[in-house]
Amino acid sequence: MTIWVNEQIDPCGLIYSCIACRDEQAAQDCHQTWTKNLTEEQKQQGWITRLRTVESWDEVPVNALKLSY
């Protein structure tokens, strides 16, 4: 099973926001929105968005919002 994990990471490398789901299109849409909504100031400070996949819910960060679709 593939699970898509969206992460918004602050300049210190800490996960600020995280959403996980099994729907690739929903994950892509979320990632594009998060990336688009980063301000130039945030980008200069080192904020990033990351989209990655994992194979089980056990690999998803604990603080993630986990969507069932």
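Reader: Leaving aside neighbours within four places in sequence, which residues is His-31 in contact with?
Author: This is a predicted model, and in it His-31 is found in helix H1, which covers residues 24–37. Once its neighbours within four places in sequence are set aside, the residues in contact with His-31 are Asn-6, Thr-49, Arg-50 and Leu-51.

Reader: Is His-31 buried or exposed?
Author: The relative accessible area of His-31 is 19%. A residue counts as buried when this value is under 20%, so His-31, at 19%, is buried.

Reader: In what pattern do the helices and strands follow one another along the sequence?
Author: The chain contains two helices and four strands. Read along the sequence, they give the pattern β-β-α-α-β-β.

Reader: What is the radius of gyration of the chain, and what does the globule rule give for 69 residues?
Author: The chain is as compact as a globular protein of that length, because its radius of gyration is close to the value from the globule rule. The C-alpha atoms fill a box of roughly 35 × 20 × 15 Å along the principal axes.

Reader: Which residues form the largest nonpolar core?
Author: In soluble globular proteins, nonpolar side chains tend to be buried together. Here, 35% of the 69 residues count as buried. The largest nonpolar core has seven residues: Ile-3, Val-5, Cys-18, Ala-20, Val-54, Val-60 and Ala-64.

Reader: Which strands each supply at least two residues of this core?
Author: The core includes Ile-3 and Val-5, as well as Cys-18 and Ala-20. The strands that each supply at least two of its residues are S1 (3–9) and S2 (15–21).

Reader: Which residues does Val-54 touch, not counting those up to four places away in sequence?
Author: Val-54 is one of the residues of the largest nonpolar core. With residues up to four places away left out, Val-54 touches Met-1, Thr-2, Ile-3, Val-5, Glu-59 and Val-60.

Reader: Where is Trp-57 placed, and is it buried, partly exposed or exposed?
Author: Trp-57 lies in the loop between strand S3 (48–54) and strand S4 (65–66). Its contacts beyond four places in sequence include Met-1, Ile-3 and Ala-20. With a relative accessible area of 28%, Trp-57 is partly exposed.

Reader: What distance separates the C-alpha atoms of Trp-57 and Thr-39?
Author: Trp-57 and Thr-39 are 18 residues apart along the chain. Their C-alpha atoms are separated by 31 Å.

Definitions and conventions:
Residues numbered from 1 in each chain as written. Predicted model: local features only at pLDDT ≥ 70, side-chain atom pairs only at ≥ 80, totals over all residues. Heavy atoms only, no water. Rg over C-alpha atoms; globule rule 2.2 N^0.38 Å. Buried < 20%, exposed > 50% of the residue type's maximum accessible area, 1.4 Å probe, protein only. Contact = heavy atoms within 4.5 Å. Core = buried A, V, L, I, M, F, W, Y, C linked by side-chain atoms within 4.5 Å.
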